Amino acid sequence: MIDKIQHEPGKLTREALKLWFKHHLKYTLADDKFSATRMDHFISLALSVRDHLVNKWLQTQQSYYENDVKRVYYLSMEFLIGRLLTNNLINLGIYDEYKLALEEMGHVIHELEESEVEAGLGNGGLGRLAACFLDSIASLGVPGYGYGIRYEFGIFYQKIIQGYQVEKADNWLRVGNPWEIPRPRSLFPVKFYGHVESIQDSQGVKEHKWVDTQDVMAMAYDIPVPGYKNDTVNNLRLWSARSSRELELEYFQSGDYFQAVQNKHESEIISKVLYPADHNQSGKELRFKQEYFFVSASLSDIVRRYKKKHKTFDEFSNKVAIQLNDTHPALSIAELMRILIDLEKLPWAKAWKITVNTFAFTNHTILPEAMEKWSLELFSRVLPRHLDIIFQINQDFMDQVQERYPGDLDKMSRMSLIEENHTKYIRMANLSIIGSHSTNGVAKLHSSILREKVFSDFHEMFPDRFNNKTNGITPRRWLKGCNPELSKLITEYIGDSWIRDLSGLITLQEHINDPQLIARWREIKTNNKKQLAEYIQKTLSIEVDPNSLFETQVKRIHEYKRQVLSVLHAIALYNRIRKNPENFKTPRTIMFSGKAAPGYAMAKLIIKFINCVADTINTDYSLQGKLKVLFLPNYSVTLAEKIIPAADLSVQISTAGMEASGTGNMKLSLNGALTVGTLDGANIEIMEEVGKENIFIFGLNADEVVEKKQSGYHPRELYKQNPELKEVLDMIQKGYFFGQQPNLFQPILESLLDHGDPYMVLADFQSFCDTQVKIGHAYLDTDTWTRKAIINVSRMGKFSSDRSIKEYAENIWNIPLTPQG
């Protein structure tokens with residue numbers, strides 16, 4: 001019976017769904033209603049949903065082979081996919097049926113959704129963007145695959161102990177992953193170390209052999225990725241490291257049990273943790289090996305798939321598009337050259353043309369310290385053949401630069417793949433640009449800075465290769481999934497076509513003066529805030545007022561994102577309330593959440609700073625609950641889905657010119673939060689869409705930041721001239737927020753006052769405070785505030801990842817789109 005139903009996916013009656021669920025509980029988990037736990041019930045549900053996915057997945061993959069379509073491969077070190085149950089049910093169009101079927105069996109779908117352990121496959125915006133893109137690629141029917149690493153322990157589980165971030169292993173696989181399909185037959189050797197031997201064949205052509213290598217096996221795990229209510233199910237393929245020698249029996253028999261499994265341990269450590277700390281040489285080497293590990297396995301798989309249909313490589317770039325999500329997969333350029341030259345015996349010029357026409361590069365940063373580079377010593381030891389190839393690429397490129405700009409040694413130095421300092425490095429961003437036919441930024445301002453400043457030499461030489469593709473988010477997860485009541489309300493007014501075409505939200509504006517819509521909108525927001533308040537009470541034992549303004553700054557902790565500016569404003573509010581409590585009309589709950597990189601000392605100190613200020617403010621009962629500050633630990637997709645629907649104010653205050661795009665700003669606006677932000681990243685484009693009157697912009701713009709630094713910026717003068725700022729900084733200096741160790745936050749003060757305030761926190765302090773006063777007043781007019789929220793939501797159509805992917809497909813990948821649904 002179950003077999004018959006599985007092959008007739010149209011038979012999605014409630015009884016059939018119950019049968020699927022019971023089948024897996026009994027025959028897959030060997031459980032029954034007497035012994036099964038809630039986790040068992042979740043796994044049974046997930047496996048039954050996966051059955052639906054597999055049917056469509058097999059049909060999708062077969063159609064790709066039969067039609068010999070061009071495929072896009074999205075290579076990323078991170079895929080922050082979040083929980084998958086709700087998303088998969090929504091995209092399959094069977095959420096409501098499963099909900100009712102579960103209720104009839106005595107289960108609450110929300111409780112099972114909460115049982116799912118979030119996959120530890122990413123950290124921040126880079127990984128979440130990759131996940132949104134996979135959703136849109138499938139929803140648009142684009143033949144696509146994601147490639148990454150199956151991290152056994154993710155990045156880390158964040159605990160806050162005495163105000164400090166403490167990293168714990170994120171053992172997200174402890175109960176297994178019901179969505180993944182192990183592929184032990186999809187096993188590829190990945191080579192490291194060794195040396196290169198050069199020989200001449202019988203025709204006098206030089207050949208290169210990479211020999212005496214240490215090999216690690218890459219085993220594939222597949223996760224189906226369904227499109228929204230179409231027949232497409234694409235694939236996310238993640239690689240897990242396996243030893244080529246599981247057990248050295250000779251050592252084992254002699255009693256040396258550690259040595260017997262040492263090779264297994266050293267091999268498999270590659271896929272244990274995302275972004276191992278790289279402040280020491282062993283950490284750098286492990287991270288470097290991680291990048292090559294997933295690149296090598298992915299390219300081997302891509303070439304294998306292409307060769308199933310093609311005997312030559314003449315059509316390779318017409319059938320394969322590879323998108324590099326930042327510089328982490330940049331080694332794939334050298335790896336494809338190695339495959340084409342060493343293994344497939346193509347001449348250099350032809351291999352290089354194929355390579356450039358195949359690859360496209362997305363840059364995600366303008367910060368110099370975030371531009372990846374690897375030492376020649378590390379390269380020559382770990383990947384000697386790739387270093388040879390990079391040297392040749394660089395030589396050919398330098399010849400082109402010399403011919404185009406004769407005698408311009410400075411330009412040659414800037415554009416070279418090799419940084420010629422005391423220690424020589426390979427510049428991975430330069431390799432990515434040279435080896436790709438397209439380089440894109442992820443917001444208009446970011447792309448402009450790349451063209452005009454960061455990569456201006458390359459843009460001058462290759463103007464047609466540079467373009468902008470503003471980031472986007474999937475509305476399936478970031479409105480329909482995380483905010484179901486608001487989603488239902490919107491659909492009631494304008495229909496549900498917006499789920500597939502987010503630009504349809506614009507018709508919501510026709511109802512902007514409908515008092516019933518305003519009232520129901522505000523009621524849904526209040527209920528979302530109450531749910532978050534309950535979570536805060538349960539997690540932190542802090543009581544917050546759902547009627548207060550919920551101000552949220554939720555993102556990776558970094559100095560340029562300026563969480564410090566928000567804390568300084570919170571201290572200023574604290575002082576104002578204590579001095580004039582009757583003048584403070586708008587109660588606030590200021591929320592922070594985000595992880596600091598384990599090796600980033602200042603970011604970790606900022607977390608302690610936030611928590612110390614929060615402790616002081618939250619225990620001062622003279623405030624009468626008018627101000628609360630809190631830090632929610634272990635920020636994740638799951639936590640974001642609780643915070644974002646409840647937020648009133650979205651804090652996007654990075655130093656102008658430093659944020660590439662941001663997508664948290666889009667998610668919060670799409671859920672009805674108003675934005676306070678600088679003219680940075682996608683904030684500019686959000687302002688253009690929603691209108692200046694529906695967003696709160698403050699501070700220096702990118703040009704003004706540069707001008708101020710060049711003209712001589714003296715933050716101590718601001719400190720002396722601004723009494724409120726001086727009072728705030730003096731309190732920190734005197735240890736007001738951590739009396740046991742008064743000098744604890746001295747590094748923060750020194751950065752602000754003595755080291756030039758590199759992120760212009762003090763320069764923007766007064767403007768931020770003044771704008772926050774306006775926000776406080778605006779929030780008191782609830783109808784106007786709600787109308788502004790509705791306008792924000794209605795004008796967010798541009799920021800769908802569907803729009804982003806359409807632009808990639810049409811302008812970069814050259815893949816035709818067909819109507820879906």
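Student: Does aspartate 212 count as buried or exposed, and at what relative accessibility?

Tutor: The model shown here is predicted. A residue counts as exposed when its relative accessible area is over 50% and as buried when that area is under 20%. Aspartate 212 has 61% relative accessibility, so it counts as exposed. This residue lies in the loop between S7 and strand S8 (214-226).

Student: Where is asparagine 814 placed, and what is its phi?

Tutor: Asparagine 814 is in the segment after helix H34 (801-813). Its phi is positive, about 55 degrees, although asparagine 814 is not a glycine. With a relative accessibility of 59%, asparagine 814 counts as exposed.

Student: How many bridges join strand S6 to strand S7, and in which direction do these strands run?

Tutor: Strands S6 (residues 195-200) and S7 (residues 206-211) run antiparallel and are joined by six bridges. Two of the pairs can be followed in the structure. Isoleucine 199 has glutamate 207 in S7 as its bridge partner, and glutamine 200 has lysine 206.

Student: What do S6 and S7 form, and how many residues are between them?

Tutor: S6 and S7 form a hairpin, with five residues between the two strands. In the turn, glycine 204 has a positive phi of about 85 degrees.

Student: What is the order of the strands in the open sheet of six strands?

Tutor: The order is S19-S18-S17-S20-S21-S22, and the pairing is parallel. Strand S19 (627-631) and strand S22 (696-697) are at the edges; each has a single partner strand, so one side of each is left without a neighbour in the sheet. Further in, strand S20 (residues 649-652) and strand S21 (residues 674-677) run parallel and are joined by four bridges. Here valine 651 stands opposite valine 676 in S21.

Student: Where is leucine 700 found, and which residues does it touch?

Tutor: Leucine 700 is in the loop between S22 and helix H28 (702-711). Its relative accessibility is 16%, so leucine 700 counts as buried. Leaving aside neighbours within four places in sequence, leucine 700 is in contact with Ala656, Val705, Lys708, Met760, Ala763 and Asp764. Separation along the chain and separation in space can also be set side by side. Leucine 700 and threonine 28 are 672 residues apart in sequence, and their C-alpha atoms are 59 Å apart in space.

Student: Which helix holds arginine 385, and does this residue count as buried or exposed?

Tutor: Arginine 385 is in helix H15 (residues 384-404). With 4% relative accessibility, arginine 385 counts as buried. Not counting residues up to four places away in sequence, arginine 385 touches Val196, His208, Trp210, Arg338, Ile341 and Asp342.

Student: Where is glycine 93, and how does its accessibility count?

Tutor: Glycine 93 is in the loop between helix H4 (85-92) and helix H5 (95-104). At 42% relative accessibility, glycine 93 counts as partly exposed. The C-alpha atoms of glycine 93 and leucine 780 are separated by 40 Å, and these residues are 687 apart along the chain.

Student: How many helices and strands does the whole protein have, and how compact is it?

Tutor: The protein has 34 helices and 22 strands. Its radius of gyration is 27 Å, close to the 28 Å that the globule rule gives for 821 residues, so the protein is as compact as a globular protein of that length. The C-alpha trace spans about 90 × 75 × 65 Å along its principal axes.

Terms used:
Residues are numbered from 1 along each chain as its sequence is written. This is a predicted model: local features need pLDDT of at least 70, side-chain atom pairs count only at pLDDT 80 or more; totals for chains, interfaces and linings use all residues. Side-chain values use heavy atoms; hydrogens and water are left out. The radius of gyration is taken over C-alpha atoms; the globule rule is 2.2 Å times the number of residues to the power 0.38. Two strands pair if DSSP finds at least two bridges between them. Buried means under 20% relative accessible area, exposed over 50%, partly exposed in between (1.4 Å probe, protein chains only). Contact means heavy atoms within 4.5 Å.
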